[in-house]
Amino acid sequence: MSVPTRPDLGSLPAYVAGRTVPGAIKLASNECPGGPLPSVRSAIAEAAADVHRYPDMGVSALADRLARKYDFPVERVAVGCGSVALCQQLVQALCAPGDEVLFAWRSFEAYPIVTQIAGATSVKVPLDAAHTHDLDAMLAAITPRTKLVFVCNPNNPSGTAVRRADLVRFLDQVPPHVVVALDEAYREFVTDPDVPDGMEFARTRDNVVVLRTFSKAYGLAGLRVGYLVGPAELAEVVRRVYIPFSVNSLAQVAALASLDAEGEMRERCAGIIAERQRVADELLALGFEVPETHANFVWLPLREKALDFAEHALANKVVVRAFAGDGVRVTISTREENDVFLQAARSFTG
Ligand SMILES: *Cc1c(COP(=O)(O)O)cnc(C)c1O
């Protein structure tokens, strides 16, 4: 049978999820080791009794709670089915076919996908030699068709971060009709005070939104919940293209409980941050190029050796995320799992 589909469907890039290989350690999806926080797990179990009911369509309790946490009016918050859904909603709400969405490359692999789904056009600006956003080149790539710019800070997969002065200079020069989405999926792992908290810009600028997620530091990747904070007008248009009920009731409860467990989350992140330093130092000592990372992963720009390295890691029971011809991203996990990975890295002779 042949059904008529969109002519461009065949060219839609596939999202490559980190592989789960039985018996191997998965360091491929930037997940948090250790599972959901204990208090969150019991909140989820309790909420299971109510799953015959539709979730709160407006996600009101969670939106209120986030608004209070960041001291924003609730109109300026939108909650989504993971922040990847909010990325897609942003493109859908802002772009007509032919409009341009600008982002660095390599960056989060969902950007070109959600852009094409909405009929918009991706404009990719290469990272600079330090694997960091080239903000001047991005400014130069803005055209009258540009509607949205993603700045992933810290950047997935390179781990690098844009500093405050550079970001301010960039935002000052972006035309006011172009929306800048600061994707801060890894914000909780940032320790450098010079890497700005995007909320300060979302608060004061009419064209800046911040995206955050419960998938990484909070350990709720399987439940799918993230949020956007920005000007009321932008939060409103993002809510307008929301798929009804897509933030499920367990996700809403778990996110609320997670915000009550902030201290536990911070403690866990501190462990990951310490391990990140140890892993990066060991890799550097082994002779690998390791860009400075501000997230819960390291990036190895192995170029043409990327796939060989991933294969070697897998042979040593570690799944990493390889981008052919470019590099390998490795999630920081527990000390034990990181040691297995480091052992594999040590024996790589490619
Ligand atoms: C993981 C990730 C997200 C979002 O994840 P969700 O699970 O959809 O909330 C968004 N942006 C970047 C850069 C990520 O790495």
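Predicted model: local features only at pLDDT ≥ 70, side-chain atom pairs only at ≥ 80, totals over all residues.
Which residues does Thr115 touch, not counting residues up to four places away in sequence?

View 1. Leaving aside residues up to four places away in sequence, Thr115 touches Val91, Val101, Phe103, Ala120, Thr121 and Ser122. The relative accessible area of Thr115 is 0%, so this residue counts as buried.

**View 2. The aromatic pair of Phe108 and Tyr111**. The structure holds 14 aromatic pairs. In the one shown here, the ring centres of Phe108 and Tyr111 are 5.4 Å apart and the planes stand at 90°, so the pair is edge-to-face. Phe108 has a relative accessibility of 13% and therefore counts as buried. Tyr111 is at 0% and counts as buried too.

**View 3. The aromatic pair of Tyr111 and Phe150**. These two rings are stacked, with 4.2 Å from centre to centre and 5° between the planes. The pair joins distant parts of the chain: Tyr111 belongs to helix α4 (residues 110-117) and Phe150 to strand β5 (residues 146-152), with the two residues 39 residues apart. Both Tyr111 and Phe150 are buried.

**View 4. A cluster of rings, with a lysine over one ring**. Ring pairs connect Tyr15, Phe103, Trp105, Phe108, Tyr111 and Phe150 into a cluster. Phe103, a member of this cluster, is also among the residues that Thr115 touches. Over the face of Trp105 lies Lys124, at 4.3 Å from the ring centre.

**View 5. An open sheet of three strands**. The strands follow the order β9-β12-β11, and their pairing is antiparallel. At the edges are β9 (297-300) and β11 (321-323), each of which pairs on one side only. On average, and with direction ignored, neighbouring strands of this sheet are turned by 20° against each other. Strands of a sheet pair through backbone hydrogen bonds, in either a parallel or an antiparallel sense.

**View 6. Pairing of β11 with β12**. Strand β12 covers residues 327-331 and pairs with β11 over three bridges, in the antiparallel sense. Arg321 stands opposite Arg329, which is in β12. The charged end of Arg329 sits over the ring of Phe297, 5.9 Å from the centre of that ring.

**View 7. Helix α11 and the sheet**. Helix α11 (residues 306-315) lies across β9, β11 and β12. The helix runs at about 160° to β11.

Key:
Residues numbered from 1 in each chain as written. Heavy atoms only, no water. Phe/Tyr/Trp six-rings, centres within 6.5 Å; stacked < 30°, edge-to-face > 60°. Buried < 20%, exposed > 50% of the residue type's maximum accessible area, 1.4 Å probe, protein only. Helix = DSSP H or I, 4+ residues; strand = E, 2+ residues; numbered from the N terminus. Lys NZ or Arg CZ within 6 Å of the ring centre and 35° of its normal. Contact = heavy atoms within 4.5 Å. Pairing = 2+ DSSP bridges. Axes fitted to C-alpha atoms, helices over the stretch in contact; angles between N-to-C directions.
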